[in-house]
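Hello,

Here is the structure I said I would pass on. My notes on what was found follow below it.

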Amino acid sequence: MVSKRLSREAGHRRKFLAIIDETEECERAVAYASRRAESTGGVLVLLFVIDTADFQQFLGVEQIMREEAQSVATAALEQHAGKVRERVGIEPEVAIREGSRVEEIHRLIEEDQDIAILVLASGNAKEGPGPLVSSIAGKAAAFPIPVTVVPQNLTDEDIDSLA
């Protein structure tokens, strides 16, 4: 069960959540979410989830792997946040979590009651829309907020006209 969203209450603003990862389509989700946040007076939240399952297999170097993953996450978030600042002129909130991606997305949404929309982008590979879209689509009925899926092939101009 999802907690009540507060984004329409006094003193709150609707937040659009975009997930940062190494996929090509990630940038399209950020572009759309940032434009929607800007055009509606909302806030953009960028989340990078570090998968900790890999660390458990290599106990001797777990701390080194964790530090490297933190560095990668920080750099990726800063890169995307910089593009948002440059293109849209808003300052996004950023978060780094460790654990299962879907579980951490759920956890952040539950903790931040202003997050009202999750924005993902689908890949255009033959294998399907991408691992994140596929994993969330399989759990769509149980997902706590609306999910917007942006096609990877949308241009910036397309996104501007839609957002």
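**Salt bridges and nonpolar cores**

Glu104 is buried, with a relative accessible area of 6%. Please keep in mind that this is a predicted model.

Glu104 has a charged partner: it forms a salt bridge with Arg107, with 2.4 Å between the closest N and O atoms. The two residues are 3 apart in helix 4, so about one helical turn separates them. Arg107, at 39% relative accessibility, counts as partly exposed, whereas Glu104 falls under the 20% limit for buried.

The count of salt bridges comes to 14. Another of them joins the side chains of Arg101 and Asp21, at 3.3 Å from N to O. Arg101 lies in helix 4 (residues 101–111) and Asp21 in the loop between strand 1 (15–20) and helix 1 (26–40), so this pair ties together parts that are 80 residues apart in sequence. Is each partner buried or exposed? Asp21 has 11% relative accessibility and counts as buried, while Arg101, at 28%, counts as partly exposed.

Glu98 and Arg66 also meet through their side chains in a salt bridge, at 2.8 Å from N to O. Here too the pair links distant parts of the chain: Glu98 is in strand 3 (residues 93–98) and Arg66 in helix 3 (residues 62–87), 32 residues apart. Glu98 is partly exposed, with a relative accessible area of 28%.

Some salt bridges are joined up. Which residues form a network of them? They are Glu27, Arg28, Lys83, Arg87 and Asp156.

Now to the nonpolar residues. In soluble globular proteins, nonpolar side chains tend to be buried together. The largest nonpolar core in this model has 30 residues, and those with the most contacts inside it are Ile20, Val30, Leu44, Leu46, Phe48 and Val119. Two or more residues come from each of strand 1, helix 1, strand 2 (43–50), helix 3 and strand 4 (115–122). Helix 1 gives the most, with 7 residues.

Leaving out residues up to four places away in sequence, Phe48 touches Ile20, Asp21, Glu22, Val72, Ala73, Ala76, Leu77, Ala95, Ile96 and Arg97.

Regards

Technical notes:
Residues numbered from 1 in each chain as written. Predicted model: local features only at pLDDT ≥ 70, side-chain atom pairs only at ≥ 80, totals over all residues. Heavy atoms only, no water. Salt bridge = Lys/Arg side-chain N within 4 Å of Asp/Glu carboxyl O. Helix = DSSP H or I, 4+ residues; strand = E, 2+ residues; numbered from the N terminus. Buried < 20%, exposed > 50% of the residue type's maximum accessible area, 1.4 Å probe, protein only. Core = buried A, V, L, I, M, F, W, Y, C linked by side-chain atoms within 4.5 Å. Contact = heavy atoms within 4.5 Å.
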